Amino acid sequence: MSIIAEIIGKYTAGEKTLEETNAALKEAGVTEFHLEHLTEEELAAKREREDAEGFIPATEEAEVLPKTPDMRRRKELAGQVVRQRTKAGRYDVTYDEDGYAVKAKRVTI
């Protein structure tokens with residue numbers, strides 16, 4: 001675990017205060033950022049912005065894709081080349097005259 005992640009982790013767990021965390025970050029050589037409390041106005045603006053955005057539910061179910069192309073025998077696809085979507089990408093699967101998948105070639109779109 002990096003030293004920065006460890007320092008921030010202690011702060012988020014409540015083990016260190018904001019001032020102790022900033023001192024530890026400075027000691028670790030971090031000069032790009034520091035932590036600071038939000039003012040009441042900033043907190044109110046943040047809450048208002050988040051409330052305006054609201055919760056956006058998914059409009060459709062996520063499609064469950066297989067890891068690899070389906071290379072089983074499929075008699076109904078004999079002599080065809082069929083495009084299949086997988087987690088790894090899209091593949092053109094070639095079936096022979098008996099419906100056996102003989103090759104799967106990855107395609108880019």
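I took "buried" as under 20% relative accessible area, exposed as over 50%, and partly exposed as in between, with a 1.4 Å probe and protein chains only. In a regular strand the side chains alternate between the two faces of the sheet.

I noted that this is a predicted model, in which local features need pLDDT of at least 70 and side-chain atom pairs count only at pLDDT 80 or more, while totals for chains, interfaces and linings use all residues. I kept in mind that residues are numbered from 1 along each chain as its sequence is written, and that side-chain values use heavy atoms, with hydrogens and water left out.

**Entry: overall layout**

I listed 3 helices and 3 strands in the protein. Helices (H or I, at least four residues) and strands (E, at least two) are DSSP runs, numbered from the N terminus. Along the sequence I read the pattern α-α-α-β-β-β.

I then looked up the overall dimensions. The C-alpha trace spans about 75 × 35 × 25 Å along its principal axes. The radius of gyration of the protein is 27 Å, whereas a compact globule of 109 residues would have one near 13 Å. That radius is taken over C-alpha atoms, and the globule rule is 2.2 Å times the number of residues to the power 0.38. Of the 109 residues, 17% count as buried.

**Entry: the sheet**

In what order do the strands stand in the sheet? I found β1-β2-β3, an open sheet with antiparallel pairing. The edge strands are β1 (81-86) and β3 (101-107), each of which pairs on one side only. From one strand to the next the twist averages 30 degrees; axes are lines fitted to C-alpha atoms, for helices over the stretch in contact, and angles run from 0 to 180 degrees between N-to-C directions.

I followed β1 into β2 (residues 89-95) and found antiparallel pairing over 6 bridges. Two strands pair if DSSP finds at least two bridges between them. The hairpin from β1 to β2 runs through 2 residues. Threonine 86 stands opposite glycine 89, and valine 81 has threonine 94 as its bridge partner.

I did likewise for β2 and β3, which pair in the antiparallel sense over 6 bridges. Their hairpin has 5 residues between the strands, and glycine 99 in the turn has a positive phi of about 90 degrees. Tyrosine 95 stands opposite alanine 101 in β3.

**Entry: the core**

Which residues make up the largest nonpolar core? I wrote down 6: Leu77, Val82, Tyr91, Val93, Tyr95 and Ala101. β2 gives the most to this core, with 3 residues. Such a core is a set of buried Ala, Val, Leu, Ile, Met, Phe, Trp, Tyr and Cys residues joined through side-chain atoms within 4.5 Å. Leaving aside residues up to four places away in sequence, leucine 77 touches Val82 and Tyr95.

**Entry: serine 2**

Serine 2 is partly exposed, with a relative accessible area of 43%. A polar atom of the serine 2 side chain lies 3.2 Å from the backbone nitrogen of alanine 5. Serine 2 and leucine 38 are 36 residues apart in sequence and 26 Å apart in space, C-alpha to C-alpha.

Terms used:
Polar contact = N/O pair within 3.5 Å; in protein donor to acceptor, adjacent residues only side chain to side chain. Contact = heavy atoms within 4.5 Å.
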